[in-house]
Amino acid sequence: MSFLRRRSPATPAGPDFDVLAMDPGDWPGNLGAGLLPAPDGTCQGVFLRYDLFGGRGPAMIIGNLPEGSPARELAEGQVPFEVAQLLAALDMDEHVEVAETEDVPVMQGDNLLIVRRLKLTESRISCVQFDRSDNVLVTIASWDRPITDDLYALLKPLPAELFQQG
């Protein structure tokens, strides 16, 4: 995904990297976004919560975590941050772990993505991850919906203005 780039090195009020997600205008439900701040005020990640269920819980969470983000550091079997956020949003307190992973090649236009499919102990959650060319890890966690290859064609860089804290 060579079109993605780092933004200027100035301390931002939001992320200093492009956020890859679905355009909010393409989503029929509610959209929420969250920033993961570091103690120095820099952005250590962005996650978007797509709610298709009319306020009864999200259908999907897409996270973008830059290199060095503490949310990327996981213990063996620990679920990604986005899965934990999905479980919390659904008020599920059961213990969920990563059971296995599988690398799958996926074409997105002219780009080849190596997508890691995570199989979780909670079968109603689908989760995939891939690394972008700027070392940002994208994680997609979906509730009760499989993640198919056509979803990757809907992902695009979103403008930084959507994530500025004011």
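A cavity is a set of points on a 1 Å grid over the protein atoms alone, where a 1.4 Å probe fits but cannot get out. The points are joined across faces, edges and corners, and a volume is the space filled by probe spheres set on them. This is a predicted model: local features need pLDDT of at least 70, side-chain atom pairs count only at pLDDT 80 or more, and totals for chains, interfaces and linings use all residues. Residues are numbered from 1 along each chain as its sequence is written, and side-chain values use heavy atoms, with hydrogens and water left out.

The largest cavity holds about 30 Å³ of space. Lining residues have an atom within 4 Å of a point. Here they are Leu65, Ala71, Arg72, Leu74, Pro80, Phe81, Glu82, Gln129, Leu137 and Thr139. Helices (H or I, at least four residues) and strands (E, at least two) are DSSP runs, numbered from the N terminus.

Now take α1 itself. Its buried residues (under 20% relative accessible area, 1.4 Å probe, protein chains only) are Phe81, Glu82, Val83, Leu86 and Leu87. They pack against β2 (30-37), β3, β4, β6, β7 and β8. Just after α1, Asp91 takes a positive phi of about 55°.

Next come the cores. A nonpolar core is a set of buried Ala, Val, Leu, Ile, Met, Phe, Trp, Tyr and Cys residues joined through side-chain atoms within 4.5 Å. The largest has 28 residues. Those with the most contacts inside it are Leu48, Tyr50, Ile62, Phe130, Ile140, Tyr152 and Leu155. Among the elements that give two or more residues to this core are β1 (19-22), β3 (43-51), β4 (60-65) and β8 (137-143). Apart from it lies another core, of 19 residues, including Ile61, Leu90, Ile125 and Ala141.

Which residues does Ile62 touch? Contact means heavy atoms within 4.5 Å. Not counting residues up to four places away in sequence, Ile62 touches Leu20, Ala21, Met22, Val46, Phe47, Leu48, Tyr50, Glu82, Val138, Thr139, Ile140 and Leu155.

Asn64 sits in strand β4. Is Asn64 buried or exposed? Asn64 is buried, because its relative accessible area is 0%. The side chain of Asn64 reaches the backbone nitrogen of Leu20 at 2.9 Å. Leaving out residues up to four places away in sequence, Asn64 also touches Glu82, one of a list that includes Phe17, Gly45 and Arg132.

Methods:
Buried < 20%, exposed > 50% of the residue type's maximum accessible area, 1.4 Å probe, protein only. 1 Å grid on protein atoms, 1.4 Å probe; cavity = no way out; pocket = protein on both sides within 12 Å on 5 of 7 lines; lining within 4 Å. Polar contact = N/O pair within 3.5 Å; in protein donor to acceptor, adjacent residues only side chain to side chain.
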